[in-house]
Amino acid sequence: MEAVLPREETGGIIMSGRLAAMVAKEPRIHLPGYGPSASTIGANRAGAVAARELMVTLGLGERASN
């Protein structure tokens, strides 16, 4: 069975997106609250950004401007 998260050869996961909450190899997967957004305020903000980025990725909204 293949892993859900696309890992690098070294075992890590490369993040991208405005607040580095989006998995670079699979933009439909976001991990708000981890890495740079690993605080209560950061996770809340990252959640909002993740929602906007996902809307764009899935073609459900206008391009995120911030």
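A salt bridge is a side-chain nitrogen of Lys or Arg within 4 Å of a carboxyl oxygen of Asp or Glu. By this rule, the count in the protein chain comes to two salt bridges. The structure is a predicted model, in which local features need pLDDT of at least 70 and side-chain atom pairs count only at pLDDT 80 or more, while totals for chains, interfaces and linings use all residues. Residues are numbered from 1 along each chain as its sequence is written, and side-chain values use heavy atoms, with hydrogens and water left out.

**Salt bridges**

- E8 forms a salt bridge with K25, and their closest N and O atoms are 3.2 Å apart.
- This pair links distant parts of the chain, for E8 lies in the segment before β1 (15-16) and K25 in the loop between β2 (22-23) and β3, 17 residues apart.
- E8 counts as partly exposed because its relative accessibility is 25%; buried means under 20% relative accessible area, exposed over 50%, and partly exposed in between (1.4 Å probe, protein chains only).
- The side chains of E26 and R28 also meet in a salt bridge, at 2.7 Å from N to O.
- R28 is exposed, since its relative accessible area is 55%.

**Overall architecture**

- The secondary structure of the protein chain comes to one helix and three strands; helices (H or I, at least four residues) and strands (E, at least two) are DSSP runs, numbered from the N terminus.
- From the N terminus on, the elements run β-β-β-α.
- The strands form an open sheet in the order β1-β2-β3, with antiparallel pairing; two strands pair if DSSP finds at least two bridges between them.
- The edge strands are β1 and β3, each of which pairs on one side only.
- Two bridges join β2 to β3, and these strands run antiparallel.

- H30 has its place in strand β3, and M22 stands opposite H30.
- H30 is buried because its relative accessible area is 13%.
- The side chain of H30 reaches the backbone oxygen of P27 at 3.2 Å. This is a polar contact (a pair of N or O atoms within 3.5 Å; within protein, one must be able to donate a hydrogen and the other to accept it, and residues adjacent in sequence count only if both atoms are side-chain atoms).
- Not counting residues up to four places away in sequence, H30 touches A21, M22, A50, E53 and L54, where contact means heavy atoms within 4.5 Å.

**Surface and exposure**

- The protein chain has 66 residues, of which 18% count as buried.
- The chain exposes about 4800 Å², and carbon and sulfur atoms supply 56% of this area; accessible areas come from the Shrake-Rupley method with a 1.4 Å probe, and for residues only the protein chains shown count as cover.
- M55, L58 and L60 make a nonpolar surface patch of about 290 Å². Patches are made of residues with over 30% relative accessible area and no salt bridge: like charges are joined within 9 Å, nonpolar side chains (Val, Leu, Ile, Met, Phe, Trp, Tyr) within 5 Å.
- L58 lies in the segment after α1 (40-57) and counts as partly exposed because its relative accessibility is 47%.

**Relations along the chain**

- A38 is found in the loop between β3 (26-30) and α1, and A38 is exposed because its relative accessible area is 52%.
- From C-alpha to C-alpha, A38 and A21 are 10.0 Å apart in space, and they are 17 residues apart in sequence.
- Among contacts between residues at least 6 apart in sequence, 27% join residues at least 24 apart.
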